[in-house]
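Colleague: I am new to reading protein models, and I would like to ask where the words come from. Could we go through it together?

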Amino acid sequence: MQAGLYALLFFMACGQAVAHQQKIAITTVLFNPRTENIEIMHRFNLHDAEHAVKSLFKKTADILDDKETQTAFARYVANRFVLLNAQDDSLPLNLVGFEVEGKHFWVYQETAQPPALEGLRIRHDALRDLWPEQVNTINVEGNGDLKTLTFTDSVELLEVHF
């Protein structure tokens, strides 16, 4: 009986661990040769986004069903992501859209691909102002080898070269 009780408590604890925030986001920066745009796709765990909007906006914010909350969160993400060229000029990013898909919240941005781009300096602060332990990983694809950047701790700006 006691072993069964311990097993039940263990499985309940495991379930609680799965429900906790992961505090990670994955972003893809894709050089699309077909459109000649740089397309940015941010993927956040929906559970993290749910907690974030309640801290960022109001306690009753609902990222699942409220378009205003979704729009506000997408703008928040867009305002905390910056691409700079080698001359430290910011590339103008357009917020294309957002969606809830399964257990993720996606935010989409794009910009025209500059004709001569030697590299990028990138800033990705989304959710890092809320949670210092937030990890934002960026994969840069479509311009040479895949490059991965990871924002942790106090890292504010990272760069890739082509």
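**A cavity and its lining**

Modeller: Let's start inside: Ile24, Ala25, Ile26, Arg43, Phe44, Asn45 and His104 line the largest cavity. This is a predicted model, in which local features need pLDDT of at least 70 and side-chain atom pairs count only at pLDDT 80 or more, while totals for chains, interfaces and linings use all residues. Residues are numbered from 1 along each chain as its sequence is written, and side-chain values use heavy atoms, leaving out hydrogens and water.

Colleague: What makes a space a cavity, and what makes a residue part of its lining?

Modeller: On a 1 Å grid over the protein atoms alone, a cavity is a set of points where a 1.4 Å probe fits but cannot get out, and a lining residue has an atom within 4 Å of a point. The count comes to one cavity of 30 Å³ or more, and about 30 Å³ of space lies in the largest cavity. That volume is the space filled by probe spheres set on the points, which are joined across faces, edges and corners. Strand 1 and strand 2 are the elements that give two or more residues to this lining.

Colleague: How do you know what counts as a strand or a helix?

Modeller: Both are DSSP runs numbered from the N terminus: helices are H or I with at least four residues, strands E with at least two.

Colleague: Why are strand 4 and strand 8 called edge strands?

Modeller: Six strands form an open sheet in the order 4-5-2-1-7-8, with mixed pairing. Strand 4 (94-101) and strand 8 (147-151) each have a single partner strand, so one side of each is left without a neighbour in the sheet.

Colleague: How do you know that strand 2 and strand 5 pair?

Modeller: Two strands pair if DSSP finds at least two bridges between them. Strand 2 (residues 37-45) and strand 5 (residues 104-112) have nine bridges, in the antiparallel sense, so they meet that rule. In one of these bridges, Met41 is partnered by Tyr108 of strand 5.

Colleague: What makes Gln70 buried or exposed?

Modeller: Buried means under 20% relative accessible area, exposed over 50%, and partly exposed in between (1.4 Å probe, protein chains only). Gln70 has 4% relative accessibility, so it counts as buried. Gln70 sits in helix 3, where Thr69, Phe73 and Ala74 are among the other buried residues.

Colleague: What does Gln70 touch?

Modeller: Contact means heavy atoms within 4.5 Å. Leaving aside neighbours within four places in sequence, Gln70 is in contact with Ile63, Leu64, Asp65, Phe98, Val100 and Phe105.

Colleague: Why is Gly97 called buried too?

Modeller: Gly97, in strand 4, has a relative accessible area of 16%, so the same test calls Gly97 buried. Not counting residues up to four places away in sequence, Gly97 touches Trp106, Val107 and Tyr108. The C-alpha atoms of Gly97 and Gln70 are 9.8 Å from each other, with the two residues 27 apart along the chain.

Colleague: How do you know that the length of helix 3 is close to what is expected?

Modeller: The expected span is 1.5 Å times one less than the number of residues. Helix 3 has 13 residues and reaches 18 Å from its first C-alpha to its last, close to the expected 18 Å.

Methods:
On a 1 Å grid over the protein atoms alone, a cavity is a set of points where a 1.4 Å probe fits but cannot get out, and a pocket is an open set with protein on both sides within 12 Å along at least five of seven lines; lining residues have an atom within 4 Å of a point.
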